[in-house]
Amino acid sequence: MTLQTYDIAAGAFSIVLDVFFREIKPRGSHKVPKDGPVIFVAAPHANQFVDPLILMRHCQRHVSFLIAEKSMQRNCIGTIARYLDAIPVVRPQDLALPGIGRIQLLNRKTDPTRIIGIGTEFTKQFKVGWQIGLPGDRGSSEITQIISDTELIVKREFKDLKSIEMLTNPEGTPFKCIPQVDQTPVYNIVFERLNAGHCIGIFPEGGSHDRTEILPLKAGVTIMALGAVAANPNLNLKIVPCGLNYFHAHSFRSRAVVEFGAPISISPELVENYKQGGSSKREACSKLLETIYNGLRAVTVNTPDYDTLMFIQAGRRLYKPAHRKLQISQIVELNRRFIAGYEHFKDEPRVQDIRKRIMAYNKLLKYYGLKDHQVNTSAIGGPRAAGLLLYRIMVLTSWSILGLPGFILNLPLVLIARKVSKKKAEEAVRSSSVKIAGRDVLATWKLLVALVVTPLLYSFYTFIVVLVSFRKRWILKWKVFAPIATFCTLVTGSYVTIRFVESGLDVYKSIRPLFLSLLPWTRPSIENLCSVREQLSDNLTDLINELAPKIYPDFDVDRIIEAAERSSMAPTKSLFQSPIDWIDDKVFNWERLAGDMSEVDDVFFFFEKNNGSASGRSRTSSWGSGSSTRLASRANSLGSAEGFRVEAMTGLPKDQPFSTVTRRIMTSMSRSKGKENEEDSGYQGDKEDR
């Protein structure tokens, strides 16, 4: 494909991304080499076909992504991939065939690699080097020896509990025959592109997923990198790790952060070992893969469990001064720094104590139905709260009336997109062992449905308008301009409706704390909650200011974000600039009318309590030092930002006893009508109900 075709397709999808996402924030894009061959390695692959579109938009280079040949065969997706110059890859699992008979594992302790068949024909079905797989993608292993039609040896034992359960079933389990695929043609295409100075994009996890951690990386990216340099020693190849961070990735008008790490150079020593082949080649690939993995971890955030993540996010908010909004990229940066500090001092008694108090504070927020940033708003009370409540109700009513026609017209699109995406998610879960709920495919299918249904739906509305106009003889005056004007009006009106709805939801969420502040019987409880928050914030800040310098000598109590962050926080001009950004800033910047009433959702889309760990994306940097950026509003956060200093709240009293806080928390929680033993759903202050 010519670069002109690529530019047109990428530009069109840039507009689509601007409509689907409320904000996409790049970080570290200045680290991407402006010229020369580059391999972009991205993880986690949490949003299927949306991930490459976001990377293409913000990496400021033309990138050819590797895509499964199976996906290329789909009508819509295949067409889009060809326009974007994607490279098809045949995956062995896509060629799997059902095996004859059943298999079982007789002794998993003494002989875990010996597979026994029941009514099988291993000598006819398999070859050495092929893989034997379990149903539902429960695992596979390479075959190293075929002893007979009913016995073979695999290279790696099955360790997954579900896999062991299936293999130890007395009746055996069905299996799949996975052939060995020669990927030499793919590597040759990649080498050709890199030698020409082009860029390659790859998701080394091997497929999209909705898990909370990065999956084990495939070694293919190391063969591409080392093979290209081995064939051309003068090739100045760089590998750029990319971290993808979504705030509710599957939700319409959500937010995203894409971060680029420091480029990785290919060591000549690794190239020489690669050329030797055998064990030296495997060792070289292993070392480079470890380097890539560490590079990806440098742009990701990992916590051992969900509750720790909730504690970290709560602590970040309590440490952040009130009424200071950080950009979403700064939020994930602070989360990472707090996690680094917590992992270092988690055995400290004072840290464990404050964690218990913060989680108790979260339960208080849940009891009152408030978010952390709404606590101060709930304490306003009096005529000011009444006036602000009345004003916001009037604004919400006006926006609801204005947005209702567009909402009704687009309701069929919403219903169809939800139904199709839900169905595809269920299919994805059934066909994969790594997906939990199939959320990684939701956004992709919502976009695909919208791309197909929207033109058809608007054309139908245009036909109705033209038909009515023809009967009324209006069409004779306007002729061909009537359908064009109608279609354009529908498109513009729909986007206006989107902005009305999302801003209206922000106003709606701000009404509850104002209403609570006007109720006389809730005033003591709200005042108590504000007092608990203030003292908890003071205690946490003092603890951080005391412990942080022990691991970060450059820690500055007067700053949160590193001064060097200003360069990376500066807005970067996208290669495919969309007019949506200008419209948002100049025309639809309504959120400032609602005031400081909502906060960016800290809870990443795939942070769920269905796994023992949690991970998100950020960048490497010291915990608790630097400068920050103010958001005048969410809408104008897509444009430039004004730098400011974030104070660390060190002026608050440092000798306040915390026993008072404990008594108040216990008193407030006793009013929860027996609900204190309910499972805590997490940090309510950071969740954004959609």
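Student: At what angle do α15 and α16 pack, and how far apart are their axes?

Tutor: In this predicted model, α15 and helix α16 (residues 442–471) pack at about 150°, with axes 9 Å apart. Axes are lines fitted to C-alpha atoms, for helices over the stretch in contact, and angles run from 0 to 180 degrees between N-to-C directions. Because angles over 145 degrees count as roughly antiparallel, α15 is roughly antiparallel to α16. Residues are numbered from 1 along each chain as its sequence is written, and local features need pLDDT of at least 70, with side-chain atom pairs counted only at pLDDT 80 or more, whereas totals for chains, interfaces and linings use all residues. Side-chain values use heavy atoms, leaving out hydrogens and water.

Student: Switching to the surface, which residues make the nonpolar patch?

Tutor: L404, F407, I408, L411, V414, L415, V501 and L505 make a nonpolar surface patch of about 670 Å². Patch residues have over 30% relative accessible area and no salt bridge, and nonpolar side chains are joined within 5 Å.

Student: Which element gives the most to it?

Tutor: α15 does, with six residues; the elements giving two or more are α15 (382–430) and α18 (481–518).

Student: Why is L404 called partly exposed?

Tutor: L404, in helix α15, is called partly exposed because its relative accessible area is 45%, between the cut-offs of under 20% for buried and over 50% for exposed, with a 1.4 Å probe and protein chains only.

Key: Patches are made of residues with over 30% relative accessible area and no salt bridge: like charges are joined within 9 Å, nonpolar side chains (Val, Leu, Ile, Met, Phe, Trp, Tyr) within 5 Å. Accessible areas come from the Shrake-Rupley method with a 1.4 Å probe; for residues, only the protein chains shown count as cover. A salt bridge is a side-chain nitrogen of Lys or Arg within 4 Å of a carboxyl oxygen of Asp or Glu. Helices (H or I, at least four residues) and strands (E, at least two) are DSSP runs, numbered from the N terminus. Angles under 35 degrees count as roughly parallel, over 145 as roughly antiparallel, 65 to 115 as roughly perpendicular and the rest as oblique.
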